[in-house]
Amino acid sequence: AQSQQRMGWVEPALGLHVRHGDKLKEANRIAVEDYLRVVVPLAREVGARSVFVSTDSPDVLQELEAHAPEGLLFIAEKDEIRGTDITNANLMNNLRLNVTRYTLEAVRGVLLLSRTQALVATFSSNFGRLAYELMLARDAEPEGRR
């Protein structure tokens with residue numbers, strides 16, 4: 001709840017997970033504009049005024065804010081570790097990264113995504129799938145979620 005309050009989270013909120021870091025080594029990049037084509041109408045449909053963004057790229061937040069329609073606030077953990085371009089295999093051997101902090105931020109990001117009214121993510125991402133599964137597990141009647 002503290003993270004949500006600090007970011008300016010407004011209910012109902014939409015969740016957005018964007019991978020533009022090491023994922024690009026195994027999949028094509030999905031442009032921010034393509035995400036927005038889904039996010040904006042979905043936000044209107046569910047009445048969301050804020051979109052929680054979980055991403056590994058600091059550029060994504062800047063692009064979203066530049067293209068944000070009036071009345072829709074894109075929020076994120078501003079001090080989260082981003083732009084590392086480190087694969088999981090190299091994570092433990094990287095001395096410039098606080099692995100404990102990185103892991104806790106990742107878990108917090110998944111949990112925050114799961115607390116949103118609707119979620120936009122790719123199912124090629126473990127984050128997106130896990131957040132969606134947590135949404136379903138949390139709700140007795142998951143039909144109301146997307």
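Guide: Helix α5, residues 99-114, packs with helix α6, residues 126-138, at an angle of about 50°, and their axes lie 8 Å apart. Helices (H or I, at least four residues) and strands (E, at least two) are DSSP runs, numbered from the N terminus. The axes are lines fitted to C-alpha atoms, for helices over the stretch in contact, and angles run from 0 to 180 degrees between N-to-C directions. The model is a predicted one, in which local features need pLDDT of at least 70 and side-chain atom pairs count only at pLDDT 80 or more, while totals for chains, interfaces and linings use all residues. Residues are numbered from 1 along each chain as its sequence is written, and side-chain values use heavy atoms, with hydrogens and water left out.

α5 and α6 are therefore oblique to each other; angles under 35 degrees count as roughly parallel, over 145 as roughly antiparallel, 65 to 115 as roughly perpendicular and the rest as oblique. The crossing of α5 and α6 is right-handed, that is, the near helix is turned clockwise from the far one by less than a right angle. On the α5 side, the contact (heavy atoms within 4.5 Å) is made by Ala 106, Val 110, Leu 111, Leu 113 and Ser 114. On the α6 side stand Phe 127, Leu 130, Ala 131, Leu 134, Met 135 and Arg 138. By class, this contact has nine nonpolar, one polar and one charged residues. Here Ala, Val, Leu, Ile, Met, Phe, Trp, Tyr, Cys and Pro count as nonpolar, Asp, Glu, Lys and Arg as charged, and the others, Gly among them, as polar.

Next come the cores. The largest nonpolar core has 21 residues; such a core is a set of buried Ala, Val, Leu, Ile, Met, Phe, Trp, Tyr and Cys residues joined through side-chain atoms within 4.5 Å. Buried means under 20% relative accessible area (1.4 Å probe, protein chains only). Among the residues with the most contacts inside this core are Leu 14, Val 39 and Phe 74. Helix α2 (32-46) gives the most to the core, with seven residues. A second, separate core of eleven residues includes Trp 9, Ile 75, Ala 131 and Met 135. Ala 131 and Met 135 also belong to the α6 side of the helix contact.

Notes. Buried < 20%, exposed > 50% of the residue type's maximum accessible area, 1.4 Å probe, protein only.
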